[in-house]
Every structure is written in structure tokens, then in C-alpha cells.
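Visitor: Could you walk me through this model, starting with the overall picture and then going residue by residue?

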Amino acid sequence: CIRCGQCKMICPMTQVVAPAMKDSKALYSVKSRSKQVLRESSSGGIGYEIAFSLCEKQYEVCGCIYDTTDNSAKHIWVAPTKKQNLSYMQGSKYIQSSSADAMRQLEEKAKSGKVVFFGTPCQAAAADKLLRERELRENAVIVDLICHGVPSAYLWSKYLKDIDKKYGTGAHPTVQFRSKEKEWRRLLLLVTGNGQTYKKEEDKDDFYAFFRRGLCYMESCLDCPYRERSAADLRIGDYWGNRFKNDKQGVSMVIANNACGEEVVKNLDKSGSCKVEVQNIKE
């Protein structure tokens, strides 16, 4: 440490300057027209569709994958020439993602071209602060996720060991946090390995029992300033509620925080890749 103060300048928890969500521009419901995209995505496929459409325009994409080698979530970069790898980013990961390595590359990639960054609101705020400090923010589209906190890595590790002990799924199983085997509203967790599969709905699974009740969040999540603020161009998540209660495949909620976010959504509508409907943001 040379006490330069750069860490404090970039830290999203110091000097929170992100705009309030009450000042957002527009609300949309979005649903991919691709059956495959819907099948592999947790809700309406908006994350994948944004990533793919911008990758087509030569943006490099940074997003989260689940890595079975160390049973963790982590951010990686996907180049426009490797669009097939965007599928690894599909689906929810209800654990904290390691983003340090990807974040180290953010500045250089934004210097040499356009980038799109997906992350939790705190990660998005860090990316925003870094790029603004380097005068590179116009080279990026930032997308954050509706987030109500993440559990510790220790809890997740203990959970997988317990599942292996009871069901023989192995030390490094594949995990689907939100399988659509039944329908998108019935949260179904799948852990698969060694030819064995553990499958439980949210109301019958130990991990979900803690996670959904907010009993296992990291301390830093308990008083998050980004519940009502966002430094991203777009905030995305599930479109819960009665409006789409009869939909079995999934619908994404998308909030455009600024003109950049609005343009991204409108381009998806124009391309025909998604069904986009404007909703009343005041409701």
C-alpha cells in the first residue's frame, strides 16, 4: 500500500453517488422469442439477449458463471468472437461472485473498445466509479441485477458437502439454482454429479430455507445503499406479481435508468429478438 487512496475512490460503499431508482426513465416487461434462451434462462432471458445483441456490435461482455472446479461463482470476459460462451452466463447464481480478476481487466478493455458489464448493484457501482474516474464510462453499458443479498461461501461449501454425503453427488457437481423443469415460478434447485441428482423445490431445500428468508446474508448486504439506487444503465430481474401469473416460461422486468438503457431495450424490440412491452413505472 502506498496510501494513494484509489481503493477508497473506487469502493462502492464510500461516497455513494448513484442516482435514486425513483428517477428511472422507464419500466419494461421483456421476453425472449427464442425457446432455447427461455429454457436456459431464469426468467425472460433479458440478460442473454442484451449480451448477445451487444456482442454482435463488438462489445466485450463481462458476466457471472458457475465454476464447478472450485464450486464458486465468478466473473469472466467473453469476446465478440466467442459468442457461444455467453450461454455459460445464463441462469441465476445465488452466491457471491468473485469479480476481482475481471474488474482488473475492465479499464484496459474499455480503453480499447466497448464493454458491457453485468453484476450485482454493488459490483455495478464499482465498475461505474472506476470507469468514470478514468473517463471511460461512455464506452460501457452497465447492467445490474435485482438483489436481496448473498450468503457466505462457507455456507455454500457446507451445503454441497452435506448434499454429497446424503446423495453422492461428488465434490464438484453441476448446479442449477433455478431449473425450469416445472415452471419458472417454482424455484427448483438441481445438484448433479457422479450420475446422481439432488432435486428439491424451494420450500423443501435447506439452502433455500435460509436464503429466501434472509437468514444467511453477508453482513455487508444487510444495510446496502443500492436497494433504492443504481449506478447502472439498466436493472433487470424477474417480473413477479399478478401481471404475468399465468406465464409458465418466464418474463423479465427491466428498468431503464437513463437514455443509454432505454436505447438498449428499444434495439432489442426493433431487432425482433424479444417481446417488449412498456409498463407503468409509477405503479
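Predicted model: local features only at pLDDT ≥ 70, side-chain atom pairs only at ≥ 80, totals over all residues.

Visitor: OK, how many helices and strands does the chain have?

Guide: The chain has eight helices and twelve strands, where helices (H or I, at least four residues) and strands (E, at least two) are DSSP runs numbered from the N terminus. The radius of gyration is 19 Å, close to the 19 Å that the globule rule gives for 283 residues, so the chain is as compact as a globular protein of that length. That radius is taken over C-alpha atoms, and the rule is 2.2 Å times the number of residues to the power 0.38.

Visitor: And what box do the C-alpha atoms fill?

Guide: Along the principal axes, the C-alpha atoms fill a box of roughly 50 × 50 × 40 Å.

Visitor: What share of the residues is buried?

Guide: Of the 283 residues, 50% are buried, and here buried means under 20% relative accessible area, exposed over 50%, and partly exposed in between (1.4 Å probe, protein chains only). As for contacts (heavy atoms within 4.5 Å), among those between residues at least 6 apart in sequence, 70% join residues at least 24 apart.

Visitor: How far apart are the mean positions of the charges?

Guide: The mean positions of the 45 positive and 35 negative charges are 2 Å apart. Lys and Arg count as positive and Asp and Glu as negative, with His and the chain ends not counted, and each charge is placed at NZ of Lys, CZ of Arg, CG of Asp or CD of Glu.

Visitor: Switching to helix 4, where is its kink centred?

Guide: Helix 4, residues 100–112, has a kink of about 35 degrees centred on Leu-106, the bend at a residue being the angle between axes fitted to the seven residues ending there and the seven starting there. Leu-106 is also one of the buried residues of helix 4, among them Ala-102, Met-103 and Ala-110.

Visitor: What do those buried residues pack against?

Guide: The buried residues of helix 4 pack against strand 2 (60–67), strand 3 (72–78), strand 5 (115–119) and helix 5 (121–133).

Visitor: Now Tyr-217: buried or exposed?

Guide: Tyr-217 counts as buried, at 18% relative accessibility, and its place is in the loop between helix 7 (206–211) and strand 10 (234–238). Leaving aside neighbours within four places in sequence, Tyr-217 is in contact with His-148, Gly-149, Val-150, Pro-151, Phe-211 and Leu-222. Tyr-217 and His-148 are 69 residues apart along the chain, and their C-alpha atoms are separated by 8.6 Å.

Visitor: And what does Phe-211 touch?

Guide: Not counting residues up to four places away in sequence, Phe-211 touches Tyr-94, His-148, Gly-149, Pro-151, Cys-216 and Tyr-217. Phe-211 is found in helix 7 and is buried, with a relative accessible area of 2%.

Visitor: Which residues other than glycine have a positive phi?

Guide: Asn-71 is one of them, with a phi of about 55 degrees, and Glu-135 is another, with phi near 60 degrees.

Visitor: Last topic, where are Glu-183 and Gln-58?

Guide: Glu-183 is in the loop between strand 7 (174–179) and strand 8 (188–193), and Gln-58 is in the loop between helix 3 (46–56) and strand 2. Glu-183 counts as buried at 15% relative accessibility, while Gln-58 counts as exposed at 55%.

Visitor: What are they in contact with?

Guide: Leaving aside neighbours within four places in sequence, Glu-183 is in contact with Asp-247 and Lys-248, and Gln-58 is in contact with Pro-80 and Lys-114. The C-alpha atoms of Glu-183 and Asp-247, 64 residues apart along the chain, are separated by 8.7 Å.

Conventions
Residues numbered from 1 in each chain as written. Heavy atoms only, no water.
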